[in-house]
Amino acid sequence: MRFHFVDIANKIREQIVSERHSDAHQTLRSYPGNENKATVAKKEEKIYGIEHPGSTGVIYVMDRAFKRGFTYSSEDWANFGQGAPEVGHIDGCAEKPKTIDIPQECYEYAPTSGVKELRNAVANLYNEVYRKDKESKYTYENVCIVPGGRAGLTRVAAVIGDVNVGYFLPEYTAYEQMLSVFKRFVPIPTTLEEESQYHIDPETIRKEISNRGLGVIVASNPRNPTGQVIQGDELAKLVEIAKSRHTTLVMDEFYSAYIYGDTPGQTISISEYVDDVNCDPVILIDGLTKNFRMPGFRVCWIVGPKSVISSMDSAGSFLEGGANHPLQVAAIPFLDPCKFKNEATSLQAHFRMKRDYVLMRLRNMGFEIRVPPNATFYIWLDLSHLPSPINIGLNFFEECLKEKVIVVPGIFFDVNPSHRRELFESPCHHFVRLSFGPPLEQLKKGLDNMERVIAKFKI
């Protein structure tokens, strides 16, 4: 009889081979929070354990444009969403090489922190342009070469510890992913107001550090997307505040040559106000992308204290492994300080002309440009006076696509890592970013097409 019960138990066990055959287990799974995550993923046609990150603003914008028929060779489209400058001929600027020599050693991996000769050239550029009167000088040990600006930001984010990280809105769209993918630190935003010209002043930063306990501040300067810039005494004060309050400044300086002031060829960098390159808590990121008009090279750099660069080297070893070896070697001649100053002078004259033309056309369309750009190649365009529904950035963007014009909706610059805020509550809801990076003829065509969009909705 005992064996008979064992046989019955074995038969029951054979029938209940997994939790899906058990009513009791299914009841447990039916309670909130107890779902089998692998089953849920399968129902949603996802692979368990793999999450899809949100698209950065420009990636989303370009994907929508491609679905509308845009290609990079399209002559009938105007790409005002372009986060890069035109790369062709500009009067006064040096011509780009069409070929490069590749030595045999360039077929090997480059060091994760970059080729030493290029690191030396970057250090020399900052010493010659910004630090001639400083005793403390950058060396190659203060420079890390990275494969693009996002890679630089990601390396920095990967080594930030358990601190509060401050940033300012509106801000460069890629900051959202950078501030959300690493969970050790807490991102804390501060919204800049139009009434203050979207300006980051030292007193605001002092208060934010004290009131919110910020250990790190990340900011673009010149500012993307508002086209504003912190410079001179205010930049010097930021360094002093950082030192006295033990807060690290991470400055994205990719537009440092796009300055439209009274001095032709003027460029800006926070490195000018660093006293001790190995002690002052200042990190800057820049590269060939914007100031040298070579985004395709993907050769950029991080400059900071030696201890920080050592951390960047280690982070790169498990993140992306480093920048392209042949292009690092090819980049060295462009870092000559005299060439850099000459480029900046010609570049500024050309982009100032384009800026003034676009602003004139926009004003003629009825736009009030309350905060015109004095740096970068972006215009932060307020749509609130336009008729509904194109007074909302996302709607305006979709309507512009129908006329073969690409802009970037303002909500993508409302860096919101936790995605808590309702989109209609965004302070950037009624804005788009318009780039005057493309060639002038493309700008003219795009503005003509934008006029058609507005005319459609006029009562």
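**Entry 1, K354.** I began with K354, which is found in helix 12 (residues 337-364). Helices here are DSSP runs of H or I with at least four residues, strands are runs of E with at least two, and both are numbered from the N terminus. The model is predicted, so I noted the limits: local features need pLDDT of at least 70, side-chain atom pairs count only at pLDDT 80 or more, and totals for chains, interfaces and linings use all residues. Residues are numbered from 1 along each chain as its sequence is written, and side-chain values use heavy atoms, with hydrogens and water left out.

The cut-offs are under 20% relative accessible area for buried, over 50% for exposed and partly exposed in between, with a 1.4 Å probe and protein chains only.

Next I listed what K354 touches, leaving aside residues up to four places away in sequence: E86, F436, G437, P438, P439, L440 and L443. A contact here means heavy atoms within 4.5 Å.

I looked up the link to E86 in particular. The side chains of K354 and E86 meet in a salt bridge, at 2.7 Å from N to O. This pair links distant parts of the chain, with K354 in helix 12 and E86 in the loop between strand 1 and helix 5, 268 residues apart. The rule for a salt bridge is a side-chain nitrogen of Lys or Arg within 4 Å of a carboxyl oxygen of Asp or Glu. E86 is buried as well, because its relative accessible area is 9%.

I searched the whole structure and found 25 salt bridges. In general, side chains of opposite charge can pair when their charged atoms come close.

I looked at K132 and E128, which form a salt bridge with the closest N and O atoms 3.7 Å apart. K132 is exposed, because its relative accessible area is 59%. E128 counts as partly exposed, because its relative accessibility is 31%.

I also looked at E399 and K402, whose salt bridge has its closest N and O atoms 3.1 Å apart. E399 and K402 both lie in helix 13 (residues 393-402), three residues apart, or about one turn of the helix. E399 counts as buried at 15% relative accessibility, whereas K402 is partly exposed with a relative accessible area of 44%. Elsewhere I noted one network, in which salt bridges that share partners join K134, E240, K243, D275 and D280.

**Entry 4, strand 8.** I asked which residues cover the two faces of strand 8 (residues 300-303). C300 and I302 lie on one side and W301 and V303 on the other, and all are buried.

I checked the neighbours next. Strand 2 (residues 143-146) is joined to strand 8 by four bridges and runs antiparallel to it. Strand 7 (residues 282-287) is also joined to strand 8 by four bridges, again antiparallel. Two strands are taken to pair if DSSP finds at least two bridges between them. V303 in strand 8 stands opposite V143, and V303 is also the bridge partner of L284.

I traced an open sheet of three strands in the order 9-12-11, with antiparallel pairing. Its edge strands are strand 9 (378-382) and strand 11 (408-409), each of which pairs on one side only. Strand 11 and strand 12 (residues 431-435) pair in the antiparallel sense over two bridges. I found V408 opposite R433 in strand 12.

I asked how many disulfides the rule gives. The count comes to zero. C93 is in no disulfide, and the nearest cysteine sulfur, that of C338, is 15 Å away. The rule asks for a pair of cysteine sulfur atoms within 2.5 Å. C93 is buried, with a relative accessible area of 8%.

I also checked C300. Its sulfur is too far for a bond, because the closest cysteine sulfur, in C144, is 11 Å away. C300 counts as buried, because its relative accessibility is 0%.

I ended with I100. I100 lies in the loop between strand 1 (78-79) and helix 5 (116-130). I100 counts as partly exposed, because its relative accessibility is 37%.
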